[in-house]
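Let's take a walk through this model together.

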Amino acid sequence: MTGKNRENYNKNYIAYVNSFDPPTQHFKNCLRAFLVGGLICCIGQFMREIFEKVIGLNGDELSAAVSILLIFLGTLLTGFGVYDRIGRYAGAGSIVPITGFANSVASPAIEFKTEGLVYGMAAKMFIVAGPIIVYGVLAGTAVGLIYLFL
Amino acid sequence: MFEPYLEIIWGFVKAFAVGGLICMIAQIVINFTDLTAGKILVLFMLAGVVLQGLGLYQYLVEFAGAGATVPISGFGYLLANGAIKGAQKGFFGAATGALSAASAGVSAAVIFSFIMAMIFKSRSKKN
Amino acid sequence: MQTIFFENTPRIIATGTIAGPKECAGVVGKCVDKTLTDDMFGESTYEKAECKMLSYAITKAIENAGEEQSNIDMLISGDLLNQIISASFAARDFDFPFLGVYGACSTLAESYAIAAALLNAGYYKKIVAATGSHFSSAERQYRYPLELGNTRPPQSQWTVTGAGGAVIASEGSPTAITSATFGKVVDFGITDVNNMGAAMAPAAADTILAHLKETGRNADYYDLIITGDLGALGSRILKDLVWEKGVDIQNNHVDCGEIIYKVIEDEFQGGSGAGCSAVVFNSYIYEKLKRRELNRVLLAATGALLSTVSSGQGESIPCICHAVAIENL
């Protein structure tokens, strides 16, 4: 089988394979993502209230403090090997909150420690989360420049 | 006398609903496109940058509090917001504003990850 | 001709297997030589653990054969890690020549076929063929860090933690390798790295059909046609593909990946990896061959020949399948 014939056959085969795909459980997945995601945000809201009312932080300091504490919790749960279990249950519900970002930084750091502290742990720390920093800085700076020239 | 408490509870409800909704949208995207975790994070972060670039995300933050800042789109909001504020100070501010606004999150992620990597070992999954 | 026949019938005289706790909860639990309670196997990294498992399987196979290590002529082995480090590093513990082979998850069948060919020609008297894999090291290399909280799609499989090996000699057991079919690389354009079963099924179909055609045998000549790690989904596709060509293996086809785990929960489609066929064949199936509950088995192990680089560049997954016919004479 060569050329066009083969391509057609491939397409047929891929369509045929896709017909075997186990159905995605949309409702269950979405509900879990909603519940866990909402819960993590509620924890964040709780911290906001505490920091605001008890310590008296506000504005940027307040959101920075909340982020830092959530990131700490995310990395800690990753260290204890709990976060991947939550992730398996919650899907996007635990990926999208800032704790998921913390998890994606901490997990390769812990994992690749065996390959050395420089080229293992430090170099591979951002294999998953690196793109977020890269595109975040690019897009953020672009927004800044657009506002500068407008 | 219950009114301040009601307001706090209402704040939690809003945070839960908005945060949950953002995660649910991400889950729907995953269900239909098989995007991996890294790509989802980038996508939602960019969505936050764009929305704040258009000046919209701040209303969501005012409305939902942590419900809008905790998801990764809130990180994008932070970047864009920093850049916009920096742009008022001139070119240098526009170029550095984004990352300096996000420095708390990035530094925290690096520092805590380093500490956790020193303390913990990777463990296998039993199931 | 893809098929070669071994008229001097090299024999599988003994096997040695080791598997992790999760694997041993299933059918292989009673048959393996050693069950690990901790999949680190007392080592500091998963790669070292994989190497040690392989080393154990080789030593145990030689011990079970009642042989001295000095009587072994050669080790043929391979694994899934880059530059087959587990096999090469395990080989440094032994004082005989080493032939490293790579066929991804088809490595077991490939090394059996090469061993049988060398023995049949009379160059050597006793060869050890072994292979293994480890869930955590494979996950690290091919997918994500273990602690990353991502979800596994329902088509995915679970790499088997385990190793198995066999001593193949020119005589000494009724269980013989009678022929081998080397497979062609088949690529039907599947790019989804989580759907290995669908990618490998056409390769398995190709080799099994070639084997049956060239030997002039019917599918029911074999008591069992076992594939390596197609998983539940791939196994169904394979049955369909050979059925299209007029061959019926509905009743005697079994997939090692499909049967290895007891509870299909997060493993979804079953086990995968080089260790999958190595553990299941060398323990469970070999036990049945020895007790003559099975007499004619076709072991068709499939392998997906991809790397993280090729899938990152959007290449489809080329696959291969080698088959060896194992019969009680």
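The confidence score used here, pLDDT, is the predictor's confidence in each residue, from 0 to 100. Keep it in mind as you look around, since this is a predicted model. Overall, the model scores ipTM 0.91 and pTM 0.89. In chain C the average pLDDT is 91, and 98% of the residues score at least 70. Among the elements of chain C, strand β9(C), residues 175-181, has the highest mean pLDDT, 96, while helix α1(C), residues 21-24, has the lowest, 87.

Now turn to the place where chains A and B meet. Chain A brings 63 residues to this contact and chain B brings 64 residues. On the side of chain A, the elements that give two or more residues are α2 (26-55), α3, α5 (92-95), α6 and α8 (130-149). The largest share, 15 residues, comes from α2(A). By class, the chain A side divides into 38 nonpolar, 21 polar and four charged residues.

Helix α3(A), residues 59-79, packs against helix α6(A), residues 98-111, at an angle of about 45 degrees, and their axes are 8 Å apart. Because angles from 65 to 115 degrees count as roughly perpendicular and those under 35 as roughly parallel, this angle makes α3(A) oblique to α6(A). The crossing is right-handed. To find the contact, look for residues including A:Ser67, A:Leu70 and A:Gly74 of α3(A), and A:Ala102, A:Ala106 and A:Ile110 of α6(A). This contact has seven nonpolar and eight polar residues, with no charged ones.

Notes
Residues numbered from 1 in each chain as written. Chains lettered and ligands numbered in written order. Predicted model: local features only at pLDDT ≥ 70, side-chain atom pairs only at ≥ 80, totals over all residues. Axes fitted to C-alpha atoms, helices over the stretch in contact; angles between N-to-C directions. Helix = DSSP H or I, 4+ residues; strand = E, 2+ residues; numbered from the N terminus. Parallel < 35°, antiparallel > 145°, perpendicular 65-115°, else oblique. Left-handed = near helix turned anticlockwise from the far one by under 90°. Contact = placed C-beta atoms within 7 Å. Nonpolar A, V, L, I, M, F, W, Y, C, P; charged D, E, K, R; others polar.
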